[in-house]
Amino acid sequence: MRISRALQGERGVGLMEVVAATVIAVIAVVALAYSFGAGRGLVNQYEVARIALAAAQRRMETLSALPATAAELQIGSHPSSGTDPVQVDGRTVARESWRVVAYDDPADGRFDDLDLKQVTVTVSWGRGGPSETVVFTRLFPLD
Amino acid sequence: MDRHAARGLTLIEVTIVMVLSTLVVMGMISFYISSQCTWMASSTQALAQRDATLLIETISARVRQATLAEPFDSPDALHQGLILRDEHMTPTWSFWWNEADTLVYQGADLNDGRPVVASRVTRFQFDTLTRLVEIRLVELRAGDGQLVRMSSAAALYNRGAQTP
């Protein structure tokens with residue numbers, strides 16, 4: 001009988017096929033879930049990066065408002081304690097420091113004379129110790 | 001094929017299959033909803049962070065052009081405003097917190113402003129020094145309720161040495 005032969009050909013899905021399909025589906029779902037979690041982690045990470053960027057900018061603006069003779073703008077590394085905490089609403093989220101070096105203006109035609117100060121502000125953060133940094137550099141007048 | 005072997009499914013078998021498939025579908029729906037929530041939380045958080053940066057950059061750009069900055073309570077010390085003046089002490093630009101919609105507005109006139117960013121601001125505080133405006137705290141509420149806090153500073157570059 002033709003129908004009986006056709007039914008014999010429809011043997012269904014084997015256990016191994018079901019198991020393989022389930023494993024592949026689970027891997028795909030877990031990978032998708034992990035990607036969402038990783039995305040959320042990146043958003044949180046960028047939050048600290050934005051805070052650090054604003055902190056570096058604040059330090060640079062604060063230094064620019066000081067007279068050139070201020071202690072904070074003398075050649076060397078600052079602060080004397082090594083780093084200062086960067087706090088937002090009383091919570092420390094990063095550490096900052098800045099370095100002042102003498103800088104030769106290449107446009108004045110003279111070499112090896114010191115015309116400017118180069119200030120580099122570094123803000124570092126990371127879990128269990130600084131692992132990421134934002135660095136700002138700006139030239140200041142010597143006097 | 002034996003016709004007796006093609007006996008179909010019993011009620012018990014159908015019930016078991018339905019229970020199992022319901023569990024699988026419920027698991028998939030709960031995973032979808034959970035993923036959707038994570039995605040929405042991340043997106044709203046990222047938007048609030050971007051708005052906080054934009055707000056600080058907008059204020060900093062205006063402060064750098066000003067000669068004098070005057071903070072004022074709008075209406076209290078946690079929600080302030082900032083009036084920026086030029087070298088003739090004429091008010092040129094202002095930022096203020098609006099109690100009605102909890103947005104920060106900007107404009108040349110306190111009666112005619114537009115929101116700087118679309119995110120709601122829960123705290124907006126300043127400190128001023130002689131040549132510096134410290135944006136002490138900008139706190140925005142993301143769509144999922146989380147708070148984004150940021151602070152910065154901007155120098156009054158239009159303030160000459162002779163300005164008192």
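Q: Leaving aside neighbours within four places in sequence, what is Val133(B) in contact with?
A: Val133(B) is in contact with Val63(B), Ala69(B), Phe126(B), Thr128(B), Ala153(B), Ala154(B) and Leu156(B). Contact is when the C-beta atoms of two residues, placed from the backbone, lie within 7 Å.

Q: And before I go on, what about the ground rules?
A: This is a predicted model, where local features need pLDDT of at least 70, side-chain atom pairs count only at pLDDT 80 or more, and totals for chains, interfaces and linings use all residues. Residues are numbered from 1 along each chain as its sequence is written, while chains are lettered from A and ligands numbered from 1 in the order in which they are written.

Q: Back to that valine. Which residue is the bridge partner of Thr128(B) in β7(B)?
A: Val133(B). Strand β6(B), residues 120-128, pairs with β7(B) in the antiparallel sense over eight bridges, and a hairpin of three residues joins β6(B) to β7(B). Strands count as paired if DSSP finds at least two bridges between them. The elements themselves are DSSP runs numbered from the N terminus: helices are H or I with at least four residues, strands are E with at least two.

Q: How do β7(B) and β8(B) pair?
A: In the antiparallel sense, over eight bridges. Val138(B) stands opposite Met150(B) in β8(B). Five residues sit between the strands in that hairpin, and Gly145(B) there takes a positive phi near 95°.

Q: Which residues touch the most other members of the largest nonpolar core?
A: Ala52(A), Val123(A), Val133(B) and Val138(B), out of 50 residues in that core. Helix α2 of chain A, residues 15-64, gives the most to this core, with seven residues. A nonpolar core here is a set of buried Ala, Val, Leu, Ile, Met, Phe, Trp, Tyr and Cys residues joined through C-beta atoms within 7 Å. Buried means 20 or more other C-beta atoms within 10 Å of a residue's own, with 12 or fewer for exposed and partly exposed in between, C-beta atoms being placed from the backbone.

Q: OK, the interface. How many residues does each chain put into the contact?
A: Chain B puts in 24 residues and chain A 22 residues. On the chain B side, α1 (11-65), β7 (132-141) and β8 (147-155) each supply at least two residues. The largest share of that side, 11 residues, comes from α1(B).

Q: What's the overall make-up of chain B?
A: One helix and eight strands, running α-β-β-β-β-β-β-β-β from the N terminus on. Its radius of gyration is 28 Å, well over the 15 Å that the globule rule gives for 164 residues, so chain B is more spread out than a compact globule. That radius is taken over C-alpha atoms, and the rule is 2.2 Å times the number of residues to the power 0.38. The C-alpha atoms fill a box of roughly 110 × 25 × 20 Å along the principal axes, and 29% of the residues in chain B are buried.

Q: And chain A?
A: Two helices and five strands. Buried residues make up 19% of chain A.

Q: Last one: what are the confidence numbers?
A: Chain B has a mean pLDDT of 89, with 93% of its residues at 70 or more. pLDDT is the predictor's confidence in each residue, from 0 to 100. The model scores ipTM 0.77 and pTM 0.80.
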